[in-house]
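The sequence and structure are shown first.

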Amino acid sequence: MKEYATPAIPMPGLPLAMLPILLTIALLAVQIFYYDDFTPHIPLAIGFGITALVGWLQGYRWKDIESGAFRVLHVAMPSIATLIIVGMLVGTWIASGTVPMLIYLGLELIDPSWFLAAAMLMCSLVSLSIGSSWTTVGTVGLALIGIGDAFGVPIYWTAGAVVSGSFFGDKISPLSDTTNLSPAVTETNIFDHIRYMLPTTIPAMLIALTVYWIVGGADAGAAHSLERIEIIKQGLADSFEMGPWQLLPLLVVIGLAFFKVAPIPALFTGVMLGGGVAILTQGATYHDALTFAHSGFSIETGTATLDSLLNRGGVTSMTWVVTLMMFALAFGGALERTRCLESIVTAIMSRLKSFRGLQTSAILTSIATNVVSGDVYLSIALPGRMYKPAYDRMGYSRLNLSRAIEEGGTLVSPLVPWNAGGAFVIGALGLGVTGGDFSSLLYIPLAFACWLSPLFGILYAQMGWFSKRAEPIEEESDEEMRMAEERG
């Protein structure tokens, strides 16, 4: 992408830097809470316009604002493409019988009384093995949503367990992109980074697992539960051919992810296999397979619950989510290009006098960047770059920083509906928000592991626990870098 040269422009003052953010939050609040309309697209677009105006007052040209927005969009294009392909995947995997097969097996094997705990554990193991929360949510997570629906478990409880488990693996798997990004930005070792995250990750996961175990899921012995489960199972058996071939798309995608094949070709391979299995085993035509990938799967089983579960997917199902991501990312890119975010972070850092404040601010800055910019990568890279010198000055290891930005970045991402992670979860799991009904978004407080981990990080910072000092070799390395910069 072409970069436009602009004379050096000073950072805006803190009030001016905060102005577009505060006004955009106010517009979002009016749209969502006053009008009961969860469509944040246009308020975010207006926020982009306000940011552009602030940039113009500073001396930036339109080409500068445009390049800032498009740069972030360009970086996020793989995520947007993944989201679109997941829509295709959902449509073809339902048509092929893959998702119905997983739901049927889950109804056979999982005890409804401990369903939520099982859902979190299953997603944890898969995401830890393949290092991809999105792939886990879009495959195993989707099937678990169907199983939970058949058990009569509210969708927001199931989604909370799926998100907790899926993003656990994304946080500590060496195969994960964000787990590699955090130590790369802070110049630390990835395996040291993973070990240093365990003090917050383990208690957060144990508490989440305990809550899910206590809540359970459904009463396995209740007559209405048994009747509902049998109706769902019979409807699936009558509507789809089920056998080993139905599991092929899932096994191939998980295998490709395990061998570090990039998400887009791995998931698209799953789409092609799903369409092929639908043609070979379910009697679908070539045109049917294309329609399922584009417009989603459609069936009338005579059971309203089953129809609502199966009639979903396709590229068109992701339009709302993709456009939301684009508006949010453009807004975040404009804020970064006009140095509004940098001004805010600099103002915060100038007031930090202790490690407690530094560590807490690093976590909260990553969370705030997630909320404002809509981009998980920016929420890791921006604080990581800007806070690194402060840790060196105070004599604390950068592992503290890498843990802080991973917790505030990776784990909070799925909890922000207009963030790339949150938009993906909403789109992939079908957590629609319509008619002022926000109940599906209750998955956010119920994804316990995602918000407990940053809380533990803040607690440790305040108490001085797990606050590693810089080792001599690390201090020497920092001194050598400073001397080299002075010589250069």
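In this predicted model, the second largest cavity is lined by Ile-94, Val-99, Ile-103, Leu-142, Leu-309 and Arg-312. Its lining comprises 5 nonpolar residues, no polar residues and 1 charged residue. The structure holds 2 cavities of 30 Å³ or more, and their values are set out below.

| Cavity | Volume | Lining residues by class |
|---|---|---|
| Largest | about 60 Å³ | 7 nonpolar, 3 polar, 1 charged |

The lining of the largest cavity includes Ser-164, Phe-167, Phe-168 and Lys-171, together with Thr-201, Ala-204, Met-205, Leu-411, Ala-449, Cys-450 and Ser-453. Helices α7 (155–172), α9 (190–215) and α22 (448–463) each give two or more residues to this lining. Of the elements, α7 gives the most, with 4 residues. The largest cavity lies between domain 1 (14–76 + 320–463) and domain 2 (77–318), because both domains give residues to its lining.

The mean pLDDT of the chain is 86, and 92% of the residues score at least 70. Helix α13 (residues 286–295) has the highest confidence, at 95, whereas helix α23 (residues 472–487) has the lowest, at a mean of 49. The pLDDT is below 50 over residues 1–5, a stretch with 13 contacts in the model beyond near neighbours in sequence. Where pLDDT is low, predicted coordinates should not be read in detail.

Terms used:
Residues are numbered from 1 along each chain as its sequence is written. This is a predicted model: local features need pLDDT of at least 70, side-chain atom pairs count only at pLDDT 80 or more; totals for chains, interfaces and linings use all residues. Side-chain values use heavy atoms; hydrogens and water are left out. pLDDT is the predictor's confidence in each residue, from 0 to 100. Contact means heavy atoms within 4.5 Å. On a 1 Å grid over the protein atoms alone, a cavity is a set of points where a 1.4 Å probe fits but cannot get out, and a pocket is an open set with protein on both sides within 12 Å along at least five of seven lines; lining residues have an atom within 4 Å of a point. Grid points are joined across faces, edges and corners, and a volume is the space filled by probe spheres set on the points. Ala, Val, Leu, Ile, Met, Phe, Trp, Tyr, Cys and Pro count as nonpolar, Asp, Glu, Lys and Arg as charged, and the others, Gly among them, as polar. Domain bounds come from an automatic or database domain assignment.
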